[in-house]
Amino acid sequence: MNAAAELPQRRLFGGSLRRNRRWALAASYFFLVLFAIFFLIPPYYQLVTATKSSAEISNQTTDPWLPSFAPTSENIEELWNKTDFPIYLRNTALVTLCVVAITMTIAVPAAFSLGRMKFWGSGILATGVFLTYLVPDSLLFLPLFKIVGSLGLLNSYWALVLVYPTLTVPFCTWIMIGYFQSIPKELDEAALIDGASHLQMLSKIFIPVALPGLIAATIFAFTVCWAAFVYPMAFIFSSDQQVLTAGTITTLVKGDVYQWGMIMTAALIGAAPPLVVYAFLMDYYIAGLTSGATKG
Amino acid sequence: MAQVTLNKVVKKFDQTEAVRGIDLDIADQEFVVLVGPSGCGKSTTLRMIAGLEETTAGEIMIGGQIVNDLPPKDRDIAMVFQNYALYPHMTVFENMSFGLRLKKFPKAEIKQRVERAARILDITELLERRPRQLSGGQRQRVAMGRAIVRNPKVFLFDEPLSNLDAKLRVQMRTEIKKVHQQVRTTTVYVTHDQVEAMTLADRVVVMNGGRIEQIGTPHELYHAPKTRFVAGFIGSPTMNFIPCRLVEVTGALGVQLAEGLTLPVPSERDPAYRPYAGRALVLGIRPEHITETRAYAAGAEFAMSVDVVEPMGMETIVYFMVDGTEVCARVTPEAALAPGKRMRFLADMRHMHLIDPQSERVIDVPGATRVHGTARVPAA
Amino acid sequence: MSETIPRRLVTPTPAETSGALKGSLYRLSRRRSTTAFLFALPLLSVVGGLIVYPALYAIYLSLLNRTQTKFIGFGNYAFLFTRDTFWAVVEQSCIFALTAVILKALVGIVTAHLVNNLPAKGQRKWRGMLLIPWVIPLSLSTLGWFWLLDPTYSAFNWLFAQIAGPRIPWLSEPNWARFCTILVNVWYGAPFFLIMYLAALKSVPEQLYEAAAIDGASAWQKFLHITLPMMRNVIAITVLFSLIVTFANYDIVRVLTSGGPRNTTHIFATWAFQLGIASGDIPLGASVSLFMFPILGVSAIFILRGVRRRGREV
């Protein structure tokens, strides 16, 4: 085929190319809507249920998918006044706050040390830290049950403050190592010549420059602590020490009469803080988590 | 203000020797440029002076004090990096004052020092900006400002202009020279660009393979290179190296380049070259010393057929072959030239060099640095 | 080193030079690595005391009898091998993890491509919406599914009833229950794949696609010959990573079925919990949970290879 013969043909294709692209876009939207429905069904249904009274829920003639015809606040009132849910919420907040603080205090200097100061064996240690992240909580909870027991912390949320860092520290360190390593080497040399000590270099240069990474790591730690489930299920059994996830599952979902409106309200309230954090800081979080992917 | 002395300095990385024993004396207020191809050890040398690399052997003295064991901050030096290394989260003012703030200088003095440096560099109106809001040239100025406010004994520059575009590079080069003339701080400057080295330096240190090839003023390096490496490294286009034989024709010396092409050696060089008569050597002659024939200039004339013609505007570069070696010449653009055409050239033999191919050293000629009438300054 | 002798006048012998050199080097490296070590110390104690030690302790526990008074060697393991439930758990764990991971990867790749097709302006909004399942605490969102699949009030069954469809015993019939645990897992985990793949897609240089278009490649060929090879490493790491997390999952099965009906949906984590905490036989529970180890180990080795490769490429 010679170039002259090809030319008109290509012009012809130009039209169909645009048409193809429009079709592809429409198809993309169509399937994305389907996936979005799939992904949003449970939270939507939780929300719908939470606004209904028990009577309305058990009335099988009305459409369960539709919002309530008479929205009620009785679920949230009962949850707040007649259950231990406020205690769970407070305990969860307390434990999460402590663990996030502990996590960052441990992970940031460690990441600086392993990723930047490069002492003997730091490379192997960094890899080792990453490997320990792959050891799941469902393998560790039994020995930790014994250890927590021997420390006299069984059935205390301080046990959670002690063991949650196993969920957060390795990965947060890993995130921070990546961020610290992306900072040009000349920056710490300049700081060295300017007379900064290692601690000053970390606090005045590295932490401010790696702030997006710090935010991502903090959100990660927060999300993980807030959602942790195995450890409180294993270590906590009285209501005054219980946290939100395990408390909602064990005490609210009980007996033969489920109060679905109240349970769904509890689940929604429990999901709200991570959702809010995520709504505002999503970009940092995703950048932090995928930095490895984009590098590869 | 201080002098810097390097005494038999060696740096080894694992197995490889990056710097193989360097001796260097830098006088107070002097501007010294380390130049050489990449991997020649110039940056490593600079980083050892800064204290960013430890010396494997030898000693480094700043202002008469041995600093081998001192960390960078106690050496009273300031450094400008290739990528500027500005702290991205600080304003220009904060960047420049960071070192002083760490040393707990009083606020008023910090302000005064930063403002003075900003005035010198003409960046007063940028003090509240952040690095990402600055252009490459402005960042470069801030990096220099950070060095100036510290008022250190020594300035260290590590290829500071490599990240700038060609035009800005020329401009900043002048700027650096101007700043040095104002503050007169001893300066060690590393670059791979020989033009930068020639234009900035009081003295140039040419390095190769971890060793110093030659130390000298730009003028000395250009007119009296000591080794074939220096001769080839300084100047652009690079010096022609043509295998030749030093022959004696009726009592006078001449370099025989090929059958029937012998160029006469100027009589003042005769005593220096006489011991080498009859030996196979390499003739070194810069392109600017091979020109079209000129009515007013003397020299050795010869005819060659031109291979390649590269018009540059103010001059034309031509290439021709001499017995299998490509030779470059710089001729006037007026000469009507075409590849394959024969043309007459004029070699200004007062600027010739003879190189001993065994030792790779240029045969020493006393008084070779004397400037000759038609010698042209190398174009930037 | 005496500073009173002007050192320049004294030519140091080679031995002296190396001695002085060693001294200063040691001092410097000691100072630097001491700081580095101090910075890393809290991390090392958390990792050592709360991860490595308990992991080894789990092995020790698994060798004890029920009351933890007697060392019985591999008795617990021998006992497990004789139990049908154990083999059912092994089978269910593998089915659960493999099916869920494959489906998550597929849904992730498809949705990532769909989002990537959109105009750049709307991508962020869609990505945010599709990511919601992954942000809600898993136990609480599973509770929502539990309610959706309720034997009496299932909203799905209500929909089927409208079109005279069958009433499905979601959580009370073993195969439907297995399906449901996998469904919830895919729902929860696919968004993670989505963001990883989306980030990887964005990192493929546009010129490659342009070059392929000029070479006459179709959309499918571009995907096959450019997108997939460029993303191979990310896909591999994400799949292995997800395999570990899915294999060790506890929340979904615990909330949805508690292992029922008749232990048919138990996986290692929930059964280990059942035996170790609920029935109080910690050694037996530890033995069960330790069966996760080989799978985790193998995945970890492959992940590490991928991560190392990434490190080299950077």
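This is a predicted model: local features need pLDDT of at least 70, side-chain atom pairs count only at pLDDT 80 or more; totals for chains, interfaces and linings use all residues.
Residues are numbered from 1 along each chain as its sequence is written, while chains are lettered from A and ligands numbered from 1 in the order in which they are written.

Strand 16 (residues 300–311) and strand 19 (residues 342–347) of chain B run antiparallel and are joined by six bridges. Helices (H or I, at least four residues) and strands (E, at least two) are DSSP runs, numbered from the N terminus. Two strands pair if DSSP finds at least two bridges between them. The sheet in chain B is open, has five strands in the order 15-19-16-17-18, and pairs in antiparallel fashion. Strand 15 (290–292) and strand 18 (325–331) of chain B each have a single partner strand, so one side of each lacks a neighbour in the sheet. On average, neighbouring strands of this sheet are turned by 50° against each other, direction ignored.

Strand 6 of chain B has another partner. Four bridges join strand 6 to strand 7 (residues 154–158) of chain B, and these two run parallel. A78(B) stands opposite F155(B) in strand 7 of chain B. From strand 6 of chain B, I77(B) and M79(B) point one way, A78(B) and V80(B) point the other way, and all are buried. A residue is buried if 20 or more other C-beta atoms lie within 10 Å of its own, exposed if 12 or fewer, and partly exposed in between; C-beta atoms are placed from the backbone.

Strand 6 of chain B also meets chain A. In helix 9 (residues 185–193) of chain A, the buried residues are L187(A), D188(A), A190(A), A191(A) and I193(A). They pack against helix 4 (85–117) and helix 10 (198–209) of chain A, and against helix 1 (42–50) and strand 6 (77–80) of chain B. Two residues are in contact if their C-beta atoms, placed from the backbone, lie within 7 Å.

Helix 4 of chain A holds V100(A). V100(A) counts as buried because 24 C-beta neighbours lie inside 10 Å. Not counting residues up to four places away in sequence, V100(A) touches T218(A), A221(A), F222(A) and C225(A).

Chain C is helical throughout its list of elements. Its secondary structure comes to 14 helices and zero strands. Of the 314 residues in chain C, 41% are buried. Towards chain A, 74 residues of chain C are in contact with 80 residues of chain A. Helix 1 (residues 14–61) of chain C gives the most to this side of chain C, with 19 residues. The side divides into 58 nonpolar, 13 polar and three charged residues. Ala, Val, Leu, Ile, Met, Phe, Trp, Tyr, Cys and Pro count as nonpolar, Asp, Glu, Lys and Arg as charged, and the others, Gly among them, as polar.

Helix 3 (residues 84–117) of chain C packs with two other helices. Its axis comes within 9 Å of the axis of helix 10 (residues 219–247) of chain C, and the two cross at roughly 140°. Axes are lines fitted to C-alpha atoms, for helices over the stretch in contact, and angles run from 0 to 180 degrees between N-to-C directions. Helix 3 and helix 10 of chain C are therefore oblique to each other. Angles under 35 degrees count as roughly parallel, over 145 as roughly antiparallel, 65 to 115 as roughly perpendicular and the rest as oblique. Among the residues that meet here are A97(C) and K104(C) from helix 3 and L243(C) and F247(C) from helix 10 of chain C. This contact divides into seven nonpolar, three polar and one charged residue. With helix 8 (residues 174–202) of chain C, helix 3 of chain C has an axis approach within 6 Å and a crossing of roughly 40°. That makes these two helices of chain C oblique.

Some backbone angles stand out. Most residues other than glycine have a negative phi, and most peptide bonds are trans. N155(A) is not a glycine, yet has a positive phi of about 60°. K8(B), in strand 1 (residues 4–13) of chain B, has a positive phi of about 50° and is not a glycine. The peptide bond from S236(B) to P237(B) is cis, with omega near -5°.
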